[in-house]
Amino acid sequence: DISSEMSKQGKIKDAETVLNEALWCASGISDDWGKSYALKGISSELVKQGKVGEALFCFRVISKDWRKSEALAAISTELVKKGKLQEAETAMQEALAFVSWSGDLASIAAELAKQGKLQEAIACTSGISNDWYKSHALSSISTELLKQGKVEEAETAMQQALACASGISDDDDKQRALLSISTELAKQGKLQEALACASGIRDDWQKSEAFSFISIELAKQGKVEEALSYATGISDEFEKSKALSFISKELSKGGSVEEALACASGISDDWKKSEALSSLSSELSKQGKVEEAETALQEALACASGISNNREKNEALSSISTELAQQGNWQLAESTAKEITQQATRQKCWQQMGKDTYVAKGYQETLQVLQCFTNAEAQEHILQGITQALQVDDITKEVAHLALKLPAQKVQSMEHVMQVHAIHQLFFEEVPPAQLQRYNRTLNLQWAMDLKAQMEN
C-alpha cells in the first residue's frame, strides 16, 4: 500500500525500495496460504508500476494454484489498462491453466468481461460446474454487456443466469444467486425485474440486503418516494438504516430538508443515523441555516456517542469533526476529533480538516485558522493536510518559502511543497535549463518536463 501511494506521487525509486522490502517480508512467511496471498498482492502492484517481468517472476513462486490464477487475472487486467493486449491475452490464458474450482473460473470470466472479451467470458462460464458461481458470473457479464450497448446479449446472459439460479438445489446457494441477480438487475435500471427477483428470496437478511440495494438505486435515479416506500418495509434494521441514510442524504442534497430530517428520524442504527444527520447539517449550512445545521450536528454527535463498534464510532466522529471544521466551529471540531481512538483515523481526520480549510479559505487564511487548534498532533497533521493540498497555480515563491519555514513539517510534506513550487516555475515562469535539471535530479520532475515539451510541440 505504501509503495502504491509513493508511485502515485511520482516517487518511483522510493516505491521500488518499499516494494522490494514487501517482497523480502513475504518470502519469510512460513504459512503457504498467507505467503501466496501476499505474493499475489505484490505481483499486482508490480504490474501497476510497469514492472511486468518482476510481476510474472513473483507469480511463479506462488505455491497455491488458485492464487496463481488470481494473480495472473489481475496482471492481465493491468496489462489491458496499459494497452498491452497481447501480453494480457497470454497472461489470461495461462491463468486458466491453474484453475481448480468454479470460483476461479467465475473470477476470470468477470475479468474477461471487464476487458471487453465478452465471447471469451461467456465461453469461460461454460466450464463452471457450480450453478451459484455460474449464475453470479453470467449476471455480472450481463451488466458489462449492457454498459457496452449490447442490449440483446445482456438480456440473454441475464436469462441464462436466472435459469442457472432456478436449477440450484441447495437453498442457501439459491438465495445468494437471487441476491446477486437482483442487485445486477438494479444496476442495469431494471428495477421492476429486480424487485420481482428479490421477492423470491426467502432468507430475511438476504432479502433485506436486496431491497436495501434496490432502494438506494431508486434514490440515485431520483425516484425518492418509491425508494422510501421500499426502504421502510425492510425487516433487517441495519439494511433498513443503510437505505434510509442514503435516501436522507439524497433528500437533503435536493433541498428537501424537512423530508430528509423525517427520513433520518426513522433510522435505528446510530452509525447510519449519525452519517445522515452529518450530511443534512452540511446541506443546511450551505443554505445559510446556521442554527439548524448546528442542531443537526449535535444530534449526530449524540448518535455517535452511542455507537458500540469502535471502527464505526471512529468513522462517525471523523465525519462530524470535519463537518464542524467546515462550519468554522474549530474548538468543537478539535475536541470531537480527539475522541477518535484509532491513531491513523484521527490523523487522517486532522489532515482532511487542513485540506478542506485550504480549499475554502486559501493558504494565508488557513494558517491563521491553524492557530485556533491547541493540540500538537492536530497542528502537525492539519499543516500536513494544507501542504498536501497546495496547488501548482497558487504556490508562489513567497508561499513556498513560508511553507518550508513552518514548524512540525515532515520531510514528505516539505518535498511536496518543493515539487509543486518547481512545477509552478516550470509551467508559469522562465527558468534557466540548469536550474530545471537541478530540480529534476532532486525532485524527479522528468514527467512534467516531458509533458511541457509535448505541449510546446
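Which residues are buried in helix 12 (residues 191-199)? Select that helix to find out. L191, A194, L195, C197 and A198 are buried, meaning under 20% relative accessible area, while exposed means over 50% and partly exposed lies in between (1.4 Å probe, protein chains only). Helices are DSSP runs (H or I, at least four residues), numbered from the N terminus.

Before moving on, note that this is a predicted model, where local features need pLDDT of at least 70, side-chain atom pairs count only at pLDDT 80 or more, and totals for chains, interfaces and linings use all residues. Residues are numbered from 1 along each chain as its sequence is written, and side-chain values use heavy atoms, leaving out hydrogens and water.

Now show what covers the buried residues. The cover includes helix 10 (151-166), helix 11 (171-187), helix 13 (204-220) and helix 14 (224-231). Contact means heavy atoms within 4.5 Å.

C197 is buried at 8% relative accessibility. C164 is buried too, at 12%. The whole structure has zero disulfides, a disulfide being a pair of cysteine sulfur atoms within 2.5 Å.

Last stop: T336, in helix 20 (residues 330-337). T336 counts as buried because its relative accessibility is 1%. Its side chain reaches the backbone oxygen of L332 at 2.7 Å. Leaving aside residues up to four places away in sequence, T336 touches L301, L317, I320, S321 and L324.

Notes:
Helix = DSSP H or I, 4+ residues; strand = E, 2+ residues; numbered from the N terminus. Polar contact = N/O pair within 3.5 Å; in protein donor to acceptor, adjacent residues only side chain to side chain.
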